[in-house]
Amino acid sequence: SGARELYLVNRTRAKAAALAREIQRRFPRVAVTIGYPATGTRIDLALNATSLGLRADDALPFDAAVFSLKQALAAYDM
């Protein structure tokens, strides 16, 4: 609701691409990029919708070498 731009990251690029097409079909004014925002790009919300983090030994749900949570004003782990 009101989003102007989305960055989609998924383990499977084809699934991210399919979701991007669906978002653009339903919401043509929303810019959708597959992959992380550029280093230094500020984003309003980083949303994790994976099961990563449920166990103490899980890896981070994002690639810390490519993306820093400091780029996000807020983060939500659903």
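Modeller: A contact here means heavy atoms within 4.5 Å. Keep in mind that this is a predicted model. Leaving out residues up to four places away in sequence, glutamine 24 touches Val30 and Val32. Glutamine 24 sits in helix H1. Is glutamine 24 buried, partly exposed or exposed? Its relative accessible area is 36%. Now look back along the chain to alanine 3. Glutamine 24 and alanine 3 are 21 residues apart in sequence. Their C-alpha atoms are separated by 12 Å.

Next, follow one of those contacts. Which residues does valine 32 touch, leaving aside its neighbours within four places in sequence? They are Leu6, Leu8, Ala20, Ile23 and Gln24. Valine 32 also belongs to the largest nonpolar core, together with Leu8, Ala16, Ala20, Ile23 and Val30. That makes six residues in all. Helix H1 gives the most to this core, with three residues. There is a second, separate core of five residues. Among them are Ile43, Ala46, Phe67 and Ala72. Remember Phe67, as we will come back to it.

Helix H1 covers residues 13-26. Strand E1 takes in residues 5-8, and strand E2 takes in 31-34. E1 and E2 pair in the parallel sense, over four bridges. Tyrosine 7 stands opposite threonine 33 in E2. In a regular strand, side chains alternate between the two faces of the sheet. Together, E1, H1 and E2 make a right-handed β-α-β unit.

How many salt bridges does the model hold? The count comes to four. Glutamate 22 takes part in a salt bridge with arginine 25. Their closest N and O atoms are 2.8 Å apart. The cut-off for a salt bridge is 4 Å, so this pair qualifies. Arginine 25 is exposed, because its relative accessibility is 58%. Glutamate 22 is partly exposed, at 27%.

Glutamate 22 has another partner. It forms a salt bridge with arginine 26, with the closest N and O atoms 2.4 Å apart. Here the spacing is four residues in helix H1, which again comes to about one helical turn. Arginine 26 is exposed at 54% relative accessibility. Shared partners join Glu22, Arg25 and Arg26 into one salt-bridge network.

The side chains of arginine 55 and aspartate 57 meet at 3.9 Å, N to O. Both of these residues are exposed.

Back to Phe67, as promised. How many aromatic pairs are there? There are two. In one of them, the ring centres of tyrosine 36 and phenylalanine 67 are 5.9 Å apart. Their planes lie at 20°. Planes under 30 degrees apart count as stacked, so this pair is stacked. The pair links distant parts of the chain, 31 residues apart. Tyrosine 36 is in the loop between strands E2 and E3. Phenylalanine 67 is in the loop between E3 and E4. Tyrosine 36 is partly exposed at 26%, whereas phenylalanine 67 is buried at 6%.

The other pair joins phenylalanine 62 to phenylalanine 67. It is edge-to-face, with 5.8 Å between centres and 90° between planes. Both phenylalanines are buried.

Last, the whole chain. It has one helix and four strands. From the N terminus, the elements run β-α-β-β-β. The C-alpha trace spans about 40 × 25 × 20 Å along its principal axes. Of its 78 residues, 22% count as buried. Residues 24 or more positions apart account for 68% of them.

Methods. Residues are numbered from 1 along each chain as its sequence is written. This is a predicted model: local features need pLDDT of at least 70, side-chain atom pairs count only at pLDDT 80 or more; totals for chains, interfaces and linings use all residues. Side-chain values use heavy atoms; hydrogens and water are left out. Helices (H or I, at least four residues) and strands (E, at least two) are DSSP runs, numbered from the N terminus. Buried means under 20% relative accessible area, exposed over 50%, partly exposed in between (1.4 Å probe, protein chains only). A nonpolar core is a set of buried Ala, Val, Leu, Ile, Met, Phe, Trp, Tyr and Cys residues joined through side-chain atoms within 4.5 Å. Rings of Phe, Tyr and Trp (its six-membered ring) pair if their centres lie within 6.5 Å; planes under 30 degrees apart count as stacked, over 60 as edge-to-face and the rest as tilted. Two strands pair if DSSP finds at least two bridges between them. A crossover is right-handed if, with the strands pointing away from the viewer, the path from the first strand over the helix to the second runs clockwise.
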